[in-house]
Amino acid sequence: MSFLPDLGIFTMAMWSVGLGAIGAAVTGIVLANTDLFLSKPEKATLEFLEEIELKTLGSEQRTFKAGELWKKNGAVIMAVRRPG
């Protein structure tokens, strides 16, 4: 008769926990550094951009359509969608 506990189950549990932690770390790194599961962005059309209402910053609050920016002169436009 041996009074030492059976370490086989404990060893198997430690390997399972260790492999699970490594798998979680690898999955986290892949998801954080790639865009595998993100939806692809759509390109905005000129008609859509013309209809967007813009608001000025500062003391004088003014609202106007974005199309007014390039009616007389050209304009460079970058549309960014904020999350939320």
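View 1. An unreviewed UniProt entry places a "transmembrane region" at residues 12-33. UniProt positions follow the numbering used here, feature names are shortened, and such annotations may be inferred rather than shown by experiment. This is a predicted model, where local features need pLDDT of at least 70 and side-chain atom pairs count only at pLDDT 80 or more, while totals for chains, interfaces and linings use all residues. Residues are numbered from 1 along each chain as its sequence is written, and side-chain values use heavy atoms, with hydrogens and water left out. Helices here are DSSP runs of H or I with at least four residues, strands are runs of E with at least two, and both are numbered from the N terminus.

View 2. Which residues make the nonpolar surface patch? They are W15, L19, I22, V26, V30, L31, L36 and F37, and the patch covers about 910 Å². To join a patch, a residue needs over 30% relative accessible area and no salt bridge; nonpolar side chains (Val, Leu, Ile, Met, Phe, Trp, Tyr) are joined within 5 Å, and like charges within 9 Å. Areas come from the Shrake-Rupley method with a 1.4 Å probe, and for residues only the protein chains shown count as cover. Zoom in on I22, which belongs to helix α1 (residues 8-33). I22 counts as exposed because its relative accessible area is 54%, and the cut-offs are under 20% for buried, over 50% for exposed and partly exposed in between (1.4 Å probe, protein chains only).

**View 3. K65 and its salt bridges.** The count comes to 2 salt bridges, taking a salt bridge as a side-chain nitrogen of Lys or Arg within 4 Å of a carboxyl oxygen of Asp or Glu. In one of them, K65 meets E51 at 3.8 Å, N to O. That pair ties together distant parts of the chain: K65 is in strand β2 (residues 63-65), E51 is in the loop between α2 (46-50) and β1 (53-55), and they are 14 residues apart. K65 also pairs with E53, again at 3.8 Å, N to O. Here the link runs from strand β2 to strand β1, across 12 residues. Put together, E51, E53 and K65 form a salt-bridge network.

**View 4. K55, over on strand β1.** K55 sits in strand β1 and is exposed, with 65% relative accessibility. Leaving out residues up to four places away in sequence, K55 touches R62 and T63; a contact means heavy atoms within 4.5 Å. K55 and K65 are 10 residues apart in sequence, and their C-alpha atoms are 8.9 Å apart in space.

**View 5. Stepping back to the chain.** The protein chain has 2 helices and 2 strands, in the order α-α-β-β along the sequence. Of its 84 residues, 6% count as buried. The accessible surface comes to about 8,400 Å², with 65% of it belonging to carbon and sulfur atoms. As for pLDDT, the predictor's confidence in each residue from 0 to 100, the chain averages 83, and 89% of the residues score at least 70. Among the elements, α1 has the highest mean pLDDT (91) and α2 the lowest (85).
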